[in-house]
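Have the structure open as you read.

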Amino acid sequence: MKKIKKLTIIAFYFLSLSPLAAQKMQWTPDGNAYYSFTKKGVEVVDVLHPGKEQTFLDKNELIPSGSSTPLDVQNFKVSPDGKSLLLYTNSKKVWRDNTRGDYWIFDKNSKKLTQLGKSLPASSLMFAKFSPDGKKVAYVSKHNIYIEDLSNNQLTKITDDGTDRMINGTFDWVYEEEFGTRDGFRWSPDGRKIAYWKLDARDTKNFLMINNTDSLYSFTIPVEYPKAGENPSGCSIWFYDLSAKTTKKADIAGDEVQHYIPRMEWVQDSKSIILQQLNRKQNQSKIIIADAGSGASKTIHTETDPAWIDIKTRWNDNDPTGWDWIENGKEFLWLSEKDGWRHIYKIDMNGKETLITKDAFDVIKPEFFDVPNKQIYFLASPDNATQKYLYKVSMKGGKAQRVTPGAYTGSNQYTISPNGKIAVFNNSNVNGQSIGAVVSLPEHKELVAAKNVTKANPETSKTEFFQVTTEDGITLDGWVVKPKNFDPTKKYPIVFMVYGEPALQTVTDDYYSSWSLYAGDMAQDGYVYVSLENRGTPAPKGREWRKSIYRKIGKLNIRDQAMGAKALFAKWSYIDTSRVAVWGWSGGGSSTLNLLGQYPDIYQTGIAIAPVANQLFYDNIYQERYMGLPQENREDFVNGSPLAYAKNLKGNLLLIHGTGDDNVHYQNTEVYINELVKYNKQFQLMSYPNRTHSINEGEGTSLHLSTLFTKYLKEHCPPGGR
């Protein structure tokens, strides 16, 4: 995680857990070192011999001709031959991430800096990639794809229909948000073709946000946003042949509008591509191979699920759309929950599958395939769903073996080198964290000590983990931070932090478990602070745990939370049940409103930030995945939405929302307000003008939000033991 404990819950949603995610780095091919961007420039860092870095590019060489200041490099890639660098700078945000900007080439031999795409608009280039021979670079600009020859910087435009609604080589808002897809084109391994996604968003309606503050007259900001029940963009795959300068469409069966293609990659022989196609309800997955010459395709594998099929199956977090090849491209690795656990399978090019992990527990995340030793590394935690440990299993299958030593409790993270022999290792738990150690694999012997070791402040109340069983027989994990100088004979207020939907776990054993917006020390002020993990969250507790929420968001998760609270009150005599508060952000804001509306006798105070008040207002990929199609079961959407229960509000409510939220539209809060007004339910509202879903833009915003949260909580759920 990032530097400080007092992060907003939205940061918890979006920050990467990869131990090297915050660094600009790339492994060397042999896996013994990595290229890293430092204050000195780009250096080659020997993992086993820190302090012996070699300079690849000095920061003084980052000053372009005619300029006096060096480029502000946000990322880089080393060419296949190791002789040049592709530098990314001057980046701009596209929805969530800074994925467009300028690209420069640094030639190590000539020491020359050359800007790519000079004739194109500034900060418009996206996803630039070297060709396999390193002689060309392809990129996207304004929804068209270009190839630039590095020998003469001549441009070839391989698509010419790109507009704001015809999207080549990247994706629309909802694909990016819900599938994690951004980079939408691929070089073939032989460098002779490019395969790319094309999205036709011409029929996707705009949602109009309004800006009232930045000019004399207000103006609208359109976002192409398909809400639940609305058709998605049509999606197709195309091929471009560099020699023939011709384009060919892949002939893939199925309505382009009623299917998704979240994953695609070249087969290693460069003759065809392989892709995953999901139907609109996302409960059927097909693996399809399409010939790059004729465009003809065939389905080699089909899987169905009564609920949904989760596509988050990639080894490589930075490339969620790609493929994981083994056996020289003759087979690939795949994840499925078909037998009740998330297990690893291998599938050959005829679709024959073989189960590899056979233990009765979930694979949390695949990490690495060790080709020479035919070992697969993955994260799992068979006995404690709040933790993560490294395991390995033979490609032949059999019993998995734990690699992480028993001394490293909590949440463990690994960045494994390409040779599979070493890994950069992070350990995190509620007592502290160690960052940047280097260990050998599979022995897990420490070769280089951690660069950063942090211990929890002994003056701070410790996070404790517990389990509680509800009257429905459901056992929930939870964490609690008790007041300082805790006296069990007194009565204390309790504050629940909730999320509760399939996108996020909140109860995890890591250094930043106790997320809060509170301006101060909740334990010092005398609150019992708690989070419970209801069914339907992505905890490693088996398919049934995760998918029991299908068509029941806003009902099953809410009952689990409420019954969990009741069970705690019965178990902990020190809880003052007249001072019970709950808060959450996004899906957690929705859960907060639902808890106040469906169980008003349990919760007296709620703070709901950026909530979805009506599930029909959220995007189609997310909401239809977990709830079905409104055309078929609209009542589930209605009955699970906070809007249906606004009339039951009894307690104190603070609604918080950014009016520039492109994710959960401010519209949600406005319709909820209308319902509260209709039934004369008093509440408080804070609208942050033009702020997005993270509500962190603008001077003073984060402090104001934290102060507002704290003041409201203290006033309506007073702290301290009595």
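## Two crossing helices and some residues to look up

The axes of helix 5 (residues 556-571) and helix 6 (residues 587-598) come within 10 Å and cross at roughly 70°. Axes here are lines fitted to C-alpha atoms, for helices over the stretch in contact, with angles running from 0 to 180 degrees between N-to-C directions. Helices (H or I, at least four residues) and strands (E, at least two) are DSSP runs, numbered from the N terminus.

Before going on, some ground rules: this is a predicted model, where local features need pLDDT of at least 70 and side-chain atom pairs count only at pLDDT 80 or more, while totals for chains, interfaces and linings use all residues. Residues are numbered from 1 along each chain as its sequence is written, and side-chain values use heavy atoms, with hydrogens and water left out.

Back to the pair. Helix 5 and helix 6 are therefore roughly perpendicular to each other; that label covers 65 to 115 degrees, with angles under 35 counted as roughly parallel, over 145 as roughly antiparallel and the rest as oblique. On the helix 5 side, Asn557, Ile558, Gln561 and Ala562 make the contact, and on the helix 6 side Ser591, Asn594, Leu595 and Gln598 do. Contact means heavy atoms within 4.5 Å. What sort of residues meet in the contact of helix 5 with helix 6? They split into 3 nonpolar, 5 polar and no charged.

### More on helix 5

Buried means under 20% relative accessible area, exposed means over 50%, and partly exposed is in between (1.4 Å probe, protein chains only). Among the buried ones are Leu556, Asp560, Met563, Gly564, Ala567 and Phe569. What do the buried residues of helix 5 pack against? Their partners are strand 37 (463-469), strand 38 (475-481), strand 39 (492-497), strand 40 (528-533), strand 41 (575-585) and helix 6.

Thr470 sits in the loop between strand 37 and strand 38. This threonine is buried, with a relative accessible area of 5%. Setting aside neighbours within four places in sequence, Thr470 is in contact with Leu476, Asp560, Met563, Gly564 and Ala567.

A cis peptide bond joins Leu441 and Pro442, with omega at about 5°. Pro442 belongs to the loop between strand 34 (432-440) and strand 35 (446-448).

Two residues other than glycine have a positive phi. For Trp95, phi is near 60°; Trp95 lies in the loop between strand 6 (84-94) and strand 7 (97-107) and, at 31% relative accessibility, counts as partly exposed. For Lys245, phi is near 55°. Lys245 is in the loop between strand 18 (234-241) and strand 19 (246-249), and it counts as exposed at 56% relative accessibility.

### Sequence gaps and spatial gaps

Here are some pairs, with spatial distances taken C-alpha to C-alpha.

| Pair | Apart in sequence | Apart in space, C-alpha to C-alpha |
|---|---|---|
| Ser236 and Asn168 | 68 residues | 9.8 Å |
| Gly721 and Asn485 | 236 residues | 10.0 Å |
| Thr204 and Val267 | 63 residues | 32 Å |

Ser236 is in strand 18 and counts as buried at 6% relative accessibility. Not counting residues up to four places away in sequence, Ser236 touches Tyr196, Trp197, Lys198, Lys249 and Glu256.

Gly721 comes in the segment after helix 10 (701-716). Buried or exposed, or in between? Gly721 counts as partly exposed, at 33% relative accessibility.

Thr204 lies in the loop between strand 15 (193-200) and strand 16 (206-211), and is buried with a relative accessible area of 6%. Leaving aside neighbours within four places in sequence, its contacts include Arg165, Glu224 and Tyr225.

Definitions and conventions: Ala, Val, Leu, Ile, Met, Phe, Trp, Tyr, Cys and Pro count as nonpolar, Asp, Glu, Lys and Arg as charged, and the others, Gly among them, as polar.
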